[in-house]
Amino acid sequence: MFVLFAIGLAGCKLLSRYQRNNPFKCGWYFQSLPKAKVYYDSVLAPFQLQTGDIVANIGSGSGWEECIWLTFKDSINFYAEDIDTVCLNQGDIQKAISYYSKLRGAAINNKIETVIWDEEQTHLPNHFFDKILVINTYHEFSKPMAMLKDIYQKLKPKGQLLIKESPAT
């Protein structure tokens with residue numbers, strides 16, 4: 001298991017210039033493909049997700065970042081996971097996929113599965129994921145050791161846990 005723990009300011013600075021809450025109840029959206037590409041290149045691409053990867057994003061909020069990933073990288077199987085069913089729901093994800101499909105001028109055909117977790121476990125299948133992402137969520141874990149133990153069981157034998165925390169701005 002490989003753990004990447006990074007502190008990043010670039011994403012926070014980039015997001016401060018963009019529109020919030022449409023098409024999502026929660027999250028961000030980009031009004032143009034070039035603006036979304038800047039965010040993708042500077043914040044998401046360094047995670048090096050590969051075609052065919054099975055990826056869980058724990059604490060994904062509304063799934064908006066998964067939609068950005070799929071705008072620029074096809075054939076990633078995402079499991080978006082959050083504790084908040086108001087923000088994370090299949091209806092809003094479908095709206096976002098439709099929005100970004102129109103923005104890029106081609107359909108996004110990938111599916112994003114939604115999963116609701118609790119404070120001690122992810123409710124994800126064991127030994128299933130190539131990568132599990134924890135982006136600006138680790139600080140929210142009330143029982144971090146229990147969560148990390150659960151996450152480790154969800155990774156394939158050579159799977160990677162990637163953790164990124166950005167300071168509040």
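Modeller: Happy to; let's start with a cluster in which ring pairs link Tyr29, Tyr99 and Tyr100. Please keep in mind that this is a predicted model, where local features need pLDDT of at least 70, side-chain atom pairs count only at pLDDT 80 or more, and totals for chains, interfaces and linings use all residues. Residues are numbered from 1 along each chain as its sequence is written, and side-chain values use heavy atoms, leaving out hydrogens and water.

Twelve aromatic pairs occur in the structure, a pair being rings of Phe, Tyr or Trp (its six-membered ring) with centres within 6.5 Å, stacked if the planes are under 30 degrees apart, edge-to-face if over 60 and tilted otherwise. One of them joins Tyr29 to Tyr99, edge-to-face, with 5.3 Å from centre to centre and 80° between the planes. Tyr29 sits in the loop between α1 (10-15) and α2 (33-44) while Tyr99 belongs to helix α4, so their pair ties together parts 70 residues apart in sequence. Helices here are DSSP runs of H or I with at least four residues, strands are E runs of at least two, and both are numbered from the N terminus. Tyr29 is buried at 11% relative accessible area, whereas Tyr99, at 22%, is partly exposed; buried means under 20%, exposed over 50% and partly exposed in between, with a 1.4 Å probe and protein chains only.

Now for α4 itself. Its 15 residues reach 21 Å from first C-alpha to last, close to the 21 Å expected at 1.5 Å a residue, where the expected span is 1.5 Å times one less than the number of residues. Asp92, Ile93, Ala96, Ile97, Tyr100 and Ser101 of α4 are buried. The cover over the buried residues of α4 includes α3, β3 (77-82) and β4.

Of these neighbours, let's follow α3 (residues 64-72). Its axis lies 10 Å from that of α4 (residues 90-104), at an angle of about 35°; axes are lines fitted to C-alpha atoms over the stretch in contact, and angles run from 0 to 180 degrees between N-to-C directions. The two cross in a right-handed way, with the near helix turned clockwise from the far one by less than a right angle. On the α3 side, Cys67, Ile68, Leu70 and Thr71 meet Ile93, Ala96, Ile97, Tyr100 and Arg104 of α4, contact being heavy atoms within 4.5 Å.
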